[in-house]
Each structure stands twice: as structure tokens, then as C-alpha cells.
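Here is a short tour of one protein model, written for someone who likes to know how each value was defined. Please have the viewer open as you read.

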Amino acid sequence: MQRHLISAADLTRDDAVLILDTAEEMARVADRPIKKLPTLRGRTVVNLFFEDSTRTRISFEAAEKRLSADVINFTAKGSSVSKGESLKDTAQTLEAMGVDAVVIRHSASGAPYRLATSGWIDAAVVNAGDGTHQHPTQALLDAFTMRRRLVGRDAGLGKDLDGRRITLVGDILHSRVARSNVDLLHTLGAEVTLVAPPTLLPVGVETWPCEVSYDLDSTLPKSDAVMLLRVQRERMNAAFFPTEREYSRRYGLDGDRMAKMPDHAIVMHPGPMVRGMEITAEVADSDRCTVVEQVANGVSIRMAVLYLLLGGNEPAVSHARPTEEK
């Protein structure tokens with residue numbers, strides 16, 4: 001493993017499979033009465049969030065505490081950032097306090113990379129989402145969920161997603177989740193198709209390692225997993241489609257469309273969901289929808305990432321046979 005996790009594109013197949021396999025070990029910890037490992041005892045991890053977050057921040061905090069790390073939560077609101085303090089000064093303040101890892105979410109694309117390569121701080125940096133650029137742990141937890149559902153919990157160990165057909169639907173233009181998933185799923189051997197209105201596809205998407213379609217109905221029968229993406233109004237400065245009703249009619253997933261998917265196929269969403277727009281309540285509450293599962297898997301994945309960056313590069317939960325003890 002490398003020192004930092006900034007982009008899903010930085011991971012090799014072996015890196016990604018190691019993280020997924022380690023997360024499988026971590027998931028077993030969650031089934032114990034006491035959900036703790038002593039792995040990161042004495043290490044300090046800062047959650048540096050310059051953008052609003054519910055799932056990601058709580059998920060990272062839960063992962064850090066289950067690994068016995070000392071956790072410091074930082075939010076831009078109510079801090080010196082609101083007084084005009086720069087990222088550099090904030091980083092140097094954390095460095096002076098001797099932190100071992102920084103989990104950063106920032107509205108500016110490239111902020112985690114800047115933090116990791118600037119020399120301002122000597123700590124492992126984990127990107128928890130930067131602008132419209134990358135969100136690598138989300139892509140990892142999505143791949144983990146797909147592997148568990150499509151390959152099997154135990155059968156999937158050591159395996160990738162070779163040959164699986166994954167469809168991402170919605171606001172690709174503003175989605176860091178889409179970019180990270182395309183990179184990681186391609187690395188893991190999956191065939192990715194993006195489905196969106198032309199106005200919600202980024203310039204240069206034809207160079208990405210995926211297919212592009214404007215017709216959701218034609219891709220559904222061929223999909224092993226369909227991931228719906230929220231329309232990110234907070235990042236929009238123009239009208240990208242006429243009405244919500246028209247968007248939902250062409251790109252929303254309802255019960256009729258879900259029926260066109262193969263029986264084994266799953267429905268995914270990184271959250272938060274906008275029910276009635278990209279996904280109906282019927283689909284969101286169905287057994288094929290993995291939204292809650294993704295949240296649970298997010299804790300296991302983030303435990304695995306923190307362990308591998310700070311603790312070591314072997315599976316964290318060992319199952320040594322008595323004959324191996326000396």
C-alpha cells in the first residue's frame with residue numbers, strides 16, 4: 001500500500017483486492033459483542049471536514065474508534081477557517097499537534113493532493129471527497145458491496161469483478177463518486193456504462209475507460225448492478241434539464257424499470273437519496289437495494305484503509321493455527 005489514499009486511480013488491482021479482503025476481515029469484527037481492535041492504539045487521526053457530511057464523517061469516526069485510534073473531529077464551521085485561516089495554516093497546526101493521519105473532505109478539487117504533497121504535514125492523508133474530483137473510499141465500499149452480492153462473501157476473497165457489468169445513472173458531471181467508481185471498477189475488470197442526459201456528462205468523458213449511453217431502458221437488462229446518482233443541485237449554476245418530472249421519467253428507477261433487470265442484479269445509491277426523483281420509494285425499500293448495506297460496508301472498508309495505511313500490510317484479524325505459535 002502507498003502512504004496516502006488520494007484517488008481510486010492510484011490503486012492497482014492487487015492494492016484494491018487487498019483492501020477488499022482486509023475489509024472482509026474487519027466486517028467479522030462488527031459481528032462480535034465487543035467491536036474493537038487494538039490496532040491503532042496510541043495513533044491520532046483527525047477528521048478534517050470542510051464540507052457537510054453525515055455518512056462519510058460518522059463512518060470514518062466509527063472505523064477509527066473500532067481500531068482504538070484517538071479521534072479528533074474538525075469542522076470548518078465554528079473553526080478558525082471561518083475567520084479566514086488557510087488550509088496550509090490549518091495543516092501546520094495539526095502537524096504541531098503530532099497527528100498520524102488526516103481524513104479530509106474539501107469543496108475544492110485537489111485539496112487532499114495538495115495536503116499530501118506540499119510538505120506541510122507528515123501524516124497519512126485519506127481523501128474523503130474533494131469537489132467533483134474523487135471519493136476513493138466510496139468507490140471501494142461500492143466494489144465491496146458488489147463483490148459480496150454478486151460473487152459471495154467467502155467466495156469473493158482474493159477475487160475482483162472481472163466481467164461484471166455495472167451501470168451508473170444520473171449526474172455524472174458533478175459526481176466524484178462516478179469518477180472514482182469508473183477508475184476502480186475498470187481496475188477490477190468490470191465493464192462500466194454511464195447513463196445520463198448529454199448536459200450531465202463531463203467534457204472528455206469519451207476518454208474514460210467506460211461506455212456512454214443516453215438510454216437507461218436499453219442498458220438495464222444487461223446490468224449486474226445499477227448505481228443511481230443524486231442530482232447535485234448545490235454544485236449547479238445552470239439549468240441542466242427542463243424539469244424534475246422529465247428527468248425522473250427518463251432516468252429515474254421505478255418498479256417497472258427494476259423488473260427489466262436480471263434477477264440477480266442489485267440497485268445501489270451512495271446517498272443521500274432523493275426519493276421520487278432518481279429512485280422511487282418502492283425501489284429504495286426493496287430487497288435488491290443495497291443502500292443500508294453500503295453504509296455498513298463503509299465502516300469495514302474505512303477500517304481496512306486506515307489499518308493498511310497506518311498499521312501494516314497483512315490482514316489485521318489473524319487466524320493463526322496453534323501449530324504456528326512458538
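The report below goes from the overall fold to the pocket, selected residues, the nonpolar cores and the cysteines.

## Ground rules

This is a predicted model, in which local features need pLDDT of at least 70, side-chain atom pairs count only at pLDDT 80 or more, and totals for chains, interfaces and linings use all residues. Residues are numbered from 1 along each chain as its sequence is written, and side-chain values use heavy atoms, with hydrogens and water left out.

## Overall fold

The protein has 11 helices and 9 strands; these are DSSP runs numbered from the N terminus, with helices being H or I of at least four residues and strands E of at least two. Of its 326 residues, 55% are buried (buried is under 20% relative accessible area, exposed over 50%, and partly exposed in between, with a 1.4 Å probe and protein chains only).

Contact here means heavy atoms within 4.5 Å. Among the protein's contacts with a separation of 6 or more, 76% join residues 24 or more positions apart.

## The largest pocket

The largest pocket holds about 560 Å³ of space. A pocket is an open set of points on a 1 Å grid over the protein atoms alone, where a 1.4 Å probe fits and protein lies on both sides within 12 Å along at least five of seven lines; lining residues have an atom within 4 Å of a point. Grid points are joined across faces, edges and corners, and the volume is the space filled by probe spheres set on the points.

Helices α2, α5, α6 (176-187) and α11 each give two or more residues to the lining, with α11 giving the most, at 4 residues.

## Annotated positions

An unreviewed UniProt entry carries a "binding site" annotation on Arg55, Thr56, Arg105, His135, Gln138, Gly271 and Pro272. From this set, the pocket lining takes in Arg55, Thr56, Arg105, His135, Gln138, Gly271 and Pro272. UniProt positions follow the numbering used here, feature names are shortened, and annotations may be inferred rather than shown by experiment.

Arg55 lies in helix α2 (residues 55-66) and is partly exposed, at 37% relative accessible area. Beyond four places in sequence, Arg55 contacts Pro270, Gly271, Pro272 and Val295. His135 sits in the loop between β4 (124-130) and α5 (136-150), and is buried, with a relative accessible area of 3%.

## Nonpolar cores

A nonpolar core is a set of buried Ala, Val, Leu, Ile, Met, Phe, Trp, Tyr and Cys residues joined through side-chain atoms within 4.5 Å. In the largest one, with 84 residues, Leu140, Met146, Ile172, Leu184, Leu194 and Ile301 touch the most other members. Helix α11 (residues 291-310) gives the most to this core, with 11 residues. A second, separate core of 19 residues includes Phe50, Phe74, Val99 and Leu115.

Helix α11 also holds Gln294, which counts as buried because its relative accessibility is 3%. Outside its four-place sequence neighbourhood, Gln294 is in contact with residues including Gln138, Asp142, His269 and Pro270.

## Cysteines

How many disulfides does a search of the whole structure find? The search finds 0, a disulfide being a pair of cysteine sulfur atoms within 2.5 Å. Cys210 counts as buried at 14% relative accessibility, and Cys289 counts as buried at 11%.
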